[in-house]
Amino acid sequence: MPRVFFTVFCCLWATGSFAALGTIATASNFKWAMSDLIETFEFSHPHRLRQVNASSGTLFNQITFGAPFDAMLSANSRYPQELEKRGLAIPGSRFTYAEGKLILAFSRTIQPVPCSNSEHNRLPEANQSCFTAVLANIRQQHSRLAIANPDIAPYGIAAQQVLQYLSLWESTKQHLVRGSNVGQTYQFVATANVAAGFVALSQFSFPEHQVHHSLEYWTVPENWYQPIRQQAILLQFGQQNPAALSFLAFLKTDKAKAIIRRHGYTTR
Amino acid sequence: MLSPQDLDAILLTLKLAAVTTGILLLLGSPLAWWLANTRTKVKPAIEAIVALPLVLPPTVLGFYLLLAFAPNSSLGQLWVAVTGDSLAFSFSALVIGSVLYSLPFVVQPLQASFEQLPKSLLEAAATMGASLKDQFFSIVMPLSKRSFLTAASLGFAHTVGEFGVVLMIGGNIPGETQVLSIALYDKVENLQYDEAHWLAGGLVIFSLLLLAIIYRFNRPVSIGSVRGGRH
């Protein structure tokens, strides 16, 4: 009898359906969605997953320095493409798992009087002047605007594009605080250390966060910045990892997409 | 309260600090002994190198180690050849980083204590035929007991309190390289203040207790009290 068990064990192991542990490098903005996804995934699969969070650029650097990550969920497509090019990821495994939305989160104290939330969403022209007014109020109150570091964080690049679209990049530059990723950027705003910041909608839509009671947010019109196509890719290190492989497959299911949408992303 | 992942981080931190302290005592004692007794001209240079981690930003050490541990570096490749595992972002990498980073905290108290040992005692022992080994274990060790305790506690506490180096070479992997200080940073960044309070408060109490113990035992060593009897 023990021999039978042993054979079964070996077969399971050989076919890869044996429980494995996967390490997923996950962009900071996706942390909460990822926690939900992992919970649902582990419920229906034998595998276990853990996520490692940082800005996509930091994760990219760590992977190039040999970090033992099985898959990467980046906040853009550039880093996964680059990993593919360098032979650090499996060609053809790249796909868009979510499209991110940029928001401007700000303290109610700097909300311009004519820009109530309903009005701001109605008229495109009013919209732009409302954004400009909020950003002007930041300067007036000698506070600062937080964005994620555009050098390493895709949400920071989007924020920079918005400021450039509004022709405010040059004038706001000196009033910027740069978070090392979008998580830290949001932390600066949520702790009221800065009056406003460009962050991800996903951070705000997380219901357990009661910290932002004094905060307001506006969704940034999508034509003000390049789409934030968040791509996932299987890394060279995780080529044989059954947990990473089945998680990437799981990400494409309707069940996973529903979770992702609930966290403030769009999916296709 | 604490999540299983936080408990992992606590255990990992204690393990890292214990391993680091053990290695540091093994490597640091001979180094401190040599520094205390050598008359070589390069002594100040060696002392300066030992003290470097005290003044350098941890990011400097982190940067060099990151380059040294990378799989395409010679050290990285040697490591893979010998152990079969990658060195980058592993627990072993953290140990190496911590040993370098906490080195002065172990070597300096030991060296200070060794320098205060009366040379005449050792000379007397030598004339009675005690080998160097005998001298170390029968005279140096008992007389420097408290300094060893101080050195070990400081090395341990400083490793627990490490942040910059482990942030750069650890990669924040839960259960493998995510030590307490990194876990705390993660919590703060993600606005999980309840958990952050548990970790931060726990660290304050732990460090305070450890330091209180160090200061409690760190009284000036008198030869009479160690040998007992004659005061």
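Trainee: Does helix 10 of chain B pass helix 11 of chain B in a left-handed or a right-handed crossing?

Mentor: The model is a predicted one, in which local features need pLDDT of at least 70 and side-chain atom pairs count only at pLDDT 80 or more, while totals for chains, interfaces and linings use all residues. Residues are numbered from 1 along each chain as its sequence is written, and chains are lettered from A and ligands numbered from 1 in the order in which they are written.

The crossing of helix 10 of chain B with helix 11 of chain B is left-handed (the near helix is turned anticlockwise from the far one by less than a right angle; clockwise would be right-handed). Helices (H or I, at least four residues) and strands (E, at least two) are DSSP runs, numbered from the N terminus. The axes of helix 10 and helix 11 (residues 193–217) of chain B come within 9 Å and cross at roughly 145° (lines fitted to C-alpha atoms over the stretch in contact, with angles from 0 to 180 degrees between N-to-C directions). On the side of helix 10 of chain B, the contact is made by B:Leu180, B:Ala183, B:Leu184, B:Lys187 and B:Val188; helix 11 of chain B contributes B:Glu195, B:Ala196, B:Leu199, B:Ala200 and B:Leu203. A contact requires C-beta atoms, placed from the backbone, within 7 Å. By class, 8 of these residues are nonpolar, none is polar and 2 are charged (Ala, Val, Leu, Ile, Met, Phe, Trp, Tyr, Cys and Pro are nonpolar; Asp, Glu, Lys and Arg charged; the others, Gly among them, polar).

Helix 10 of chain B also belongs to the meeting of the two chains. That contact takes 17 residues from chain B and 17 residues from chain A. On the side of chain B, the largest share, 3 residues, comes from helix 10 (residues 180–189) of chain B. The whole of that side divides into 9 nonpolar, 6 polar and 2 charged residues.

B:Leu87 counts as buried because 24 C-beta neighbours lie inside 10 Å (20 or more make a residue buried, 12 or fewer exposed, and a number in between partly exposed, with C-beta atoms placed from the backbone). Beyond its neighbours within four places in sequence, B:Leu87 is in contact with B:Phe69, B:Gly76, B:Trp79, B:Ser92 and B:Ala93. The C-alpha atoms of B:Leu87 and B:Ala70 are separated by 7.4 Å, although the two residues are 17 apart along the chain.

In chain A, helix 3 (residues 56–64) is mostly covered, with 7 of its 9 residues buried. Those buried residues include A:Leu59, A:Phe60 and A:Ile63. They pack against strand 1, strand 2, strand 3 (71–73), helix 4 (78–85) and helix 7 (154–165) of chain A. Just after helix 3 of chain A, A:Gly66 takes a positive phi of about 95°.
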